[in-house]
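User: Hi! Could you walk me through how the helices pack here?

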Amino acid sequence: MNVNKRISRASVLRMELYLEVLEQFQAEGRKYVTSSEIGELIGASPEKVRQDLFSLGTEGKPKVGYEVEQLARLIRSVFGLDAPKKACLVGLGNLGRALAGSTIWSRAGFTLGAIFDRDPAVIGTEAAGLRVRSIAEIFGVVKAEGIVAGVIAVPASAAQETADHMVNAGIRAIWNFAPIKLHVPEGVMVENQSLAWGLITLSYAMK
């Protein structure tokens with residue numbers, strides 16, 4: 001299904017939660033779910049849930065709600081989760097190792113196709129079933145493997161140079177874990193993920 005207008009970031013984040021709820025209901029054998037049930041589980045109003053799902057071009061049935069399997073399939077289709085895309089990871093420190101070994105890739109519609117690092121002691125070792133390569137190889141590997149996205153898990157001091165390597169290799173989507181604003185050409189998408197800010201927000205909320 002084609003979505004004619006851009007979905008807001010807030011809606012995208014909520015729909016990630018909707019999908020988790022739907023997949024849980026699928027595992028339980030549930031056939032239908034209402035907007036009220038979804039909203040209660042994720043902390044959103046039924047109206048907001050219906051608005052989000054309407055933006056995908058679907059409406060629930062009166063007194064029944066949404067068909068669980070159909071709605072889960074629709075969300076996965078709209079977000080391209082069933083067409084795996086290859087990503088690479090640069091930086092195999094503690095965070096990089098955690099990312100490499102996690103299950104996030106398949107859930108988000110990606111496969112990890114390559115891992116790069118600068119440390120001679122790390123290059124040539126294995127992680128997540130992949131041989132760690134030198135960052136100097138990124139151009140050839142990205143082209144050969146058809147990699148379209150990159151994950152930056154390096155210190156802030158090396159993040160911009162890493163992003164430059166990715167862009168020059170042809171990558172047009174970057175998930176950045178370094179606490180720095182990246183400067184990239186127009187047309188390159190950057191999603192920043194700050195673990196520190198997440199904890200700072202939590203600390204503030206606890207005051």
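Analyst: A term to start with: angles under 35 degrees count as roughly parallel, over 145 as roughly antiparallel, 65 to 115 as roughly perpendicular and the rest as oblique. Keep in mind that this is a predicted model, where local features need pLDDT of at least 70, side-chain atom pairs count only at pLDDT 80 or more, and totals for chains, interfaces and linings use all residues. Residues are numbered from 1 along each chain as its sequence is written, and side-chain values use heavy atoms, leaving out hydrogens and water.

User: Are α2 and α3 roughly parallel or roughly perpendicular to each other?

Analyst: Helices here are DSSP runs (H or I, at least four residues), numbered from the N terminus. The axes of α2 (residues 35-42) and α3 (residues 46-54) come within 8 Å and cross at roughly 110°; axes are lines fitted to C-alpha atoms over the stretch in contact, and angles run from 0 to 180 degrees between N-to-C directions. So α2 and α3 are roughly perpendicular.

User: Which residues of α3 does α2 meet?

Analyst: Contact means heavy atoms within 4.5 Å. From α2, the residues involved are S35, S36, I38 and G39. Their partners in α3 are P46, V49 and R50.

User: And what is the angle between α1 and α2?

Analyst: Two packed helices are described by the angle between their axes and the distance between the axes. For α1 (residues 9-28) and α2, the axes are 10 Å apart. This pair is also roughly perpendicular, with an angle of about 110°.

User: Which residues of α2 make that contact?

Analyst: On the α1 side you'll find R14, L17, Y18, V21 and F25. Across from them, α2 brings I38, L41 and I42.

Key:
Helices (H or I, at least four residues) and strands (E, at least two) are DSSP runs, numbered from the N terminus.
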